[in-house]
Amino acid sequence: MALSEMNGDGSEQEEGGCQEPDVIARGNILESFAESQEVRGLINSLKGVYGDLGTREMTIEKFIVIMDKYQEQPHLLDSHLEWMMHLLLDIVQDNRSPSPLVHLAFKFLYIITKVRGYKIFLRLFPHEVADLQPVLDMFADQNPKDYETWETRYMLLLWLSMTCLIPFDLARLDGNILSKEGCTRMPIMDRILNVAKSYLVVSDKARDAAAVLVSRFIIRPDVKQKRMADFLDWALSTLSNSSFQTMEGTIVMDGMLQALAQLFKHGKRDDCLPYASTVLECLDNCKLSESNQTLLRKLAVKLVQRLGLTFLKPKVAKWRYQRGCRSLAANLQFSAQVPVVQNLVIAAADEEEYDIPGEVENVIEQLLIGLKDKDTIVRWSAAKGIGRITGRLPKELADDVVGSLLDCFSFQETDNSWHGGCLALAELGRRGLLLPSRIADVVPVILKALTYDEKRGACSVGSNVRDAACYVCWAFARAYDPLELKPFVNQISSALVIAAVFDRDINCRRAASAAFQENVGRQGTFPHGIDIVTAADYFAVGNRVNCFLNISVYIASFPEYTQSMIDHLVNTKINHWDGVIRELSTKALHNLTPQVPEYMTNVVLPRLLPLAVGTDLHTRHGAILACAEITHALYKLAAENNRGLGGELMRPAVCTLIEKLSLSKMPFREDPIIDGWQWLINDSLRSLPLVSSTARRQIKEAAVSALAALCNEYYINEQREANPALQGELLQQYISELQNTEEMIRCGFSLALGALPRFLLKGKLQQVLEGLKKVICISHKDVSFAESRRDGLKATAKVCQTVGVKRNGPQDEFVCKDNVIQIYTMLLNGMSDYTTDSRGDVGAWVREAAMTSLMEVTLLLVQNEPELLDANICKQIMCCVAQQSAEKIDRFRAHAGSVFLSLLNFDNPTIPHIPHREELERIFPRSEAVTLNWNAPSQAFPRITQLLGLPTYQYYVLLGLTVSVGGLTETTVRYSAQSLFDYMKKIQNDLGAMNNFCETLLQVFEDNLLNDRVSVPLLKMLDQMLANGCFDIFTAEENHPFSLKLLTLCKEEIKKSKDIQKLRSSIAVFCGMIQFQGDMRKKVLFQLFLLLCHPFPVIRKTTASQVYEMLITYSDIVDPDILDEVMTVLSDTNWDAELPLLREKRNYLCDLMKVPKPQLVSKSAA
């Protein structure tokens, strides 16, 4: 967390909503070493592949790919490391193995070591006495300059560092050191030392392994006595004589520093202490802090801290802070009860007094300088060194170190110093070396570091400082008891929330989120911690826009954080160097304004206004945008509150008050208060989009009722007429609102027009009807406005009822012969509204309102001017309602049935021109009108299907039945289909009735081609009808016109279709049509064989399955000699296979069944 740095250009890494989280989510999902068998095979194949360069490279690449998968979970390899090593070392130790094979085996060993780490792998090397000499002998064959075999040398050095630990004096292994020629042979001790020295100065990775070898070999008791001083002299001499100005010198110094650091790390203090001062002096003389080589500076810091630890006795400071209870469960139970204080700070008086060597001051000074280094790895090493050394110092000196650390946080220091200081503070806190008495000094520094951002040219630096400050907060959460941090909880929690939500860089936001979560878990005192952690988790804060505009609003709803978040945006973010951050900050202020509007008005805006005319361009830009956003938010807040009168509770109450005062005839005529009431009613209608859906209906009804009462009482004069100016203004305003872009506003003002009294509509009827017509019509831009169309239809009927009917009256005042057709056209258009959206069939609301309005207007006309009702209108009304009474939704079918019977049975007077009245009254006796339950499919469909026998109704009822029979609801499908089949059985032997029915069926299909609402259920219905033998009367006749036309329509319907459901239904229809005689069978088989090679595998499999079942059912369509062969091809072929292969199978079937083979058509030809 604390080691990440911002890119050099200050830019942020990609933080698209899902990319990085996905990568992280997929990272640690492995459960075991699944490729163990494959790896065993690869290792066993090495003897066969090492000679072929191409095969060898491929084998290596496969092994690397497998191993790299376990970089994040290397522990999964642990149980397999031993057998992998043994297999590879068997190759190495085999004298017959050629050199390239040995190198290849060592390369594999290195790849494993790279993934698991040499420290784990090292222990598994064989380290018997017998292994030492062969390993040493292998070095004789190595060429340190051969860059292609460096893995061999690296692994040999590691192996040697293990074998050299044998618990025997190495001199005993020398035996007779005189060779046969009489020359003195070099002792093994010197041979190992020479190997180590020679590889400490090479340029490849073997240098690292040589340092490991030195650290393990030199500390052996026998080597330590004889060679340690000489080796240190050699190392220091080499170090002094090398220069970091040259590449060769850098390599040599790197090797010496690694060896010394490892030696002082693993060696005993008593053995190393005599040489520590000399090494430190030599290191000082090298002045490595001036080097531009990061690695050298890091190694120098590492060595300095090891020297410091050597100067100090290895003891744990008794004065350190020890947190007693570290249980997460106990922390989360921290509540009002006072916990037992388990923190121990042991007095320094109990310490054993001893002198601190003077060199320690030099060490600490160099580490403090290292904290300010320009590279992170150097600063991190220095911070760990500070932590380790402080743990061995007396309390007073340790406190001096903390004081020196706090000096790193001066604003004269660079971002590097702040970053290093944060890392060091975290280390001290983590180790219990930062006593509670110092927390008050440290917390203000950390709060500043959490917002540290220094502008450099066109960008800024400081993201690494903020990231490290989050690490400090994370470390403190684990280090201190909740009581110690309690005084600072509000400051730290607010600062972490601000960093998690408003930081520019994704790594800082995520680090702050992690630190906040750790504090919630460990401390248990952060206000609303669980809620905030849930909303601002690691993944949520990955999206910057979401943080600024959404998560911030949620967190600001907790009053402990609101003001600090707003202050941070105003003080730090609106003048940020990045324009995107400035704009996001101002939008965040807009969203936060509703939380504390008074604070925004009284404090924030007065603070922003001077900044808007300041000298800094960025500040001016941000301040002006912030003023604009806050002002807009305050305006919206005032509008929503309706100046104190609004809200979902108050609006209907105020409208009811207006209605009751008007009905009470209060003496306010010509009073200005009436204008206020009218404004309130209009504003309530305009506010409908802003209220919840539950309150919307209540407000709408209350406003419309109030408007009707207000108009009837206060807008009419003694002559029972309206003021022309008031009438014109009111109607113009209401009609213009019918074209509002908000659907709910259209709804409100449509119903308001329907509620106006007759005197206000007088002379304006045509204008009102034209306005409502635009609401009712479906246009491309408002196709989803089903509710406004519903209310427009309701308003049309109400207006007609209000103005009344007069056959020869003026069309601006009455429903008359000149406008009756226009009114019925508007209402009948609503019967064809089948709009659907995410809520489902919203057009059903419109159709329901249209049926009600048609009934109301028709009854109005028949009671006043029955002559205005012509036969064509009555036919359209009855047919459309009959269609709705056959459709699938129970509630709307019931409403349609109720309207149908109301029109049929009305006798005051009787409605004229109802087609087939006598037959209808026989089907629907008046005695059963009340008891017939249209909601129940079992009662409704047996009656409605009888209308299929009436020519006028046949088309419409069949159209309605189609969507019921081919629907999804089980009871609707069952009863509608059964009723249809019963009717078909009744006319089965009546050729004329069958021909009429089939013509109507084809007409329904043709009229609704490519209209999926009808065509898909129609295909399902046809499948059921064919399966039930409804067309048996036509199957005996060859090439019957019905079957030919049906085939043509089915082909047209599925042409270029990608609808799986439609294609599956068409397959079933084609299979059912095989029962028709003549050329039809060849044509049907041709279509089915086309679908056998459809691009979609699921269609191919469905076709094969259904053709198989079809051949079982209608076995007479295939020659018995080939039937088994055809069935075998259909059942055994894998229809998921590639299309070219399937076409061969399909064409073979065509040849067997003597059906023309489909030909591929190129796109260009097509």
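In what kind of crossing does helix 50 pass helix 53? I looked this up in a model that is predicted. The crossing of helix 50 past helix 53 is left-handed.

**Entry: the helix pair.** I located helix 50 at residues 1012–1027 and helix 53 at residues 1060–1072. I found their axes 8 Å apart, packed at an angle of about 30 degrees. Angles under 35 degrees count as roughly parallel, and therefore I noted helix 50 and helix 53 as roughly parallel to each other.

**Entry: residues between the two helices.** I listed the helix 50 side of the contact as D1012, S1015, V1016, L1019, K1020, L1022, D1023 and L1026. On the helix 53 side I wrote down Q1061, K1062, S1065, S1066, A1068, V1069 and G1072. By class, I noted six nonpolar, five polar and four charged residues in this contact.

**Entry: the annotated span.** I checked the UniProt record, an unreviewed entry, which annotates residues 875–1062 as "domain: Tubulin-folding cofactor D C-terminal". For residues 875–1062 I read 68% helix and 0% strand. The end C-alpha atoms of this span lie 33 Å apart.

**Entry: Y1114.** I then turned to Y1114, in the loop between helix 55 (1097–1113) and helix 56 (1120–1132). Is Y1114 buried, partly exposed or exposed? Its relative accessibility is 23%, so I put Y1114 down as partly exposed.

Which residues does Y1114 contact, leaving aside its neighbours within four places in sequence? I found C1071, I1074 and Q1075. Q1075 is 39 residues away from Y1114 along the chain, and I read 7.5 Å between their C-alpha atoms.

How values were computed: Residues are numbered from 1 along each chain as its sequence is written. This is a predicted model: local features need pLDDT of at least 70, side-chain atom pairs count only at pLDDT 80 or more; totals for chains, interfaces and linings use all residues. Side-chain values use heavy atoms; hydrogens and water are left out. UniProt positions are given in the numbering used here, feature names are shortened, and annotations may be inferred rather than shown by experiment. Helices (H or I, at least four residues) and strands (E, at least two) are DSSP runs, numbered from the N terminus. Axes are lines fitted to C-alpha atoms, for helices over the stretch in contact, and angles run from 0 to 180 degrees between N-to-C directions. Angles under 35 degrees count as roughly parallel, over 145 as roughly antiparallel, 65 to 115 as roughly perpendicular and the rest as oblique. A crossing is left-handed if the near helix is turned anticlockwise from the far one by less than a right angle, and right-handed if clockwise. Contact means heavy atoms within 4.5 Å. Ala, Val, Leu, Ile, Met, Phe, Trp, Tyr, Cys and Pro count as nonpolar, Asp, Glu, Lys and Arg as charged, and the others, Gly among them, as polar. Buried means under 20% relative accessible area, exposed over 50%, partly exposed in between (1.4 Å probe, protein chains only).
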